[in-house]
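Dear colleague,

I am passing the structure below on to you, together with some notes on what turned up in it. Please read the notes with the coordinates open beside them.

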Amino acid sequence: MPKETAVYTHGHHESVLRSHTWRTAANSAAYLLGSLRPHMTVLDIGCGPGTITADLAALVPEGRVTGVDQAPDILDRARATAAERGLENVGFAVADVHDLDFPDDSFDVVHAHQVLQHVGDPVQALREMRRVCRPGGLVAVRDADYRAMTWYPEVPAMDDWLDLYRRVARANGGEPDAGRRLKSWALAAGFTDITATADTWCYSTEEERAWWSELWADRTVASAYAGRAVGGGHTDAAGLRTVSAAWREWGARKDAWFAVLNGEVLCRK
């Protein structure tokens, strides 16, 4: 089977985990929650630090959730999250979404949040998700769409940030504008019963602006993304510092507002 060929753009620097640990089932998987039942088995692909995984486990108390990620180190953080919440119906393993080490028809729900934008072959990933999903079960996928992100005020170097990020992500083998493509990818993977929707994260309060701008300002100069941006010849250290300063300039504005569009698909097998 095919193996992952893309490089995960962000890495797991503290500035990245600041956003990942903010994610919950409520703010990141609301489109799925109404379909969950207490007895279900769930596979959470690309679980990262496990905050969504733990929420899902709490919502299926008579079932079980398996969280998988390609990065072994982050799974220690996910296990700690589950342990802190006293959850016993959740486990974790290393896995590649292109070649999942589970039998056919293993799970009632297969979930992936902000994953397909980072993989080398999103259609193959969806085929594997479909394979391990039971007949009548659900594959649920949600991804941001970078080109659809919008903000105010229009700090000039923020446009440079978006252009740079999209170039770096594509050079790493991913597709940063994944949200708009999810339905198309699902059709190509063989799904016929697809509910395609969209939702947003919006950052506008003083606290939200500070949090969002600071994590991106730090990520721009200190994360794996920064090294890949410079190492790939997309910019230099001075360019990263300029973009980082733009994030802080934007975040300091009282009228600042930022919206992230997320595409969603709920696919019945």
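Over the face of which residue does Arg130 lie, and at what distance from the ring centre? Please keep in mind throughout that this is a predicted model. The residue in question is Phe191, and Arg130 lies over its face at 5.5 Å from the ring centre. A further placement of this kind involves Arg219, whose charged end sits over the ring of Trp216, 4.3 Å from the centre of that ring.

Turning to the aromatic rings, a search of the whole structure gives 24 aromatic pairs, among them the edge-to-face pair of Trp22 and Trp201, with 5.4 Å from centre to centre and 75 degrees between the planes. Because Trp22 lies in the loop between α1 (14–20) and α2 (25–28), while Trp201 belongs to strand β7 (residues 193–203), this pair ties together parts that are 179 residues apart in sequence. As for accessibility, Trp22 is partly exposed, with a relative accessible area of 30%, whereas Trp201 counts as buried at 7%.

Trp161 and Phe258 likewise form an aromatic pair that is edge-to-face, with their centres 6.2 Å apart and an angle of 65 degrees between the planes. This pair, too, links distant parts of the chain, since Trp161 is in helix α7 (residues 156–171) and Phe258 is in strand β8 (residues 257–268), 97 residues apart. Both Trp161 and Phe258 are buried.

On the cysteines, the count of disulfides comes to zero. Cys133 is in no disulfide, and the nearest cysteine sulfur, that of Cys267, is 9.3 Å away.

Finally, I would draw your attention to His98, which is found in the loop between β3 (90–94) and β4 (107–113). Although placed in a loop, His98 counts as buried, at 1% relative accessibility, and its side chain reaches the backbone nitrogen of Asp121 at 3.1 Å.

Notes. Residues are numbered from 1 along each chain as its sequence is written. This is a predicted model: local features need pLDDT of at least 70, side-chain atom pairs count only at pLDDT 80 or more; totals for chains, interfaces and linings use all residues. Side-chain values use heavy atoms; hydrogens and water are left out. A disulfide is a pair of cysteine sulfur atoms within 2.5 Å. Helices (H or I, at least four residues) and strands (E, at least two) are DSSP runs, numbered from the N terminus. Buried means under 20% relative accessible area, exposed over 50%, partly exposed in between (1.4 Å probe, protein chains only). A polar contact is a pair of N or O atoms within 3.5 Å; within protein, one must be able to donate a hydrogen and the other to accept it, and residues adjacent in sequence count only if both atoms are side-chain atoms. Rings of Phe, Tyr and Trp (its six-membered ring) pair if their centres lie within 6.5 Å; planes under 30 degrees apart count as stacked, over 60 as edge-to-face and the rest as tilted. A charge sits over a ring if NZ of Lys or CZ of Arg is within 6 Å of the ring centre and within 35 degrees of the ring normal.
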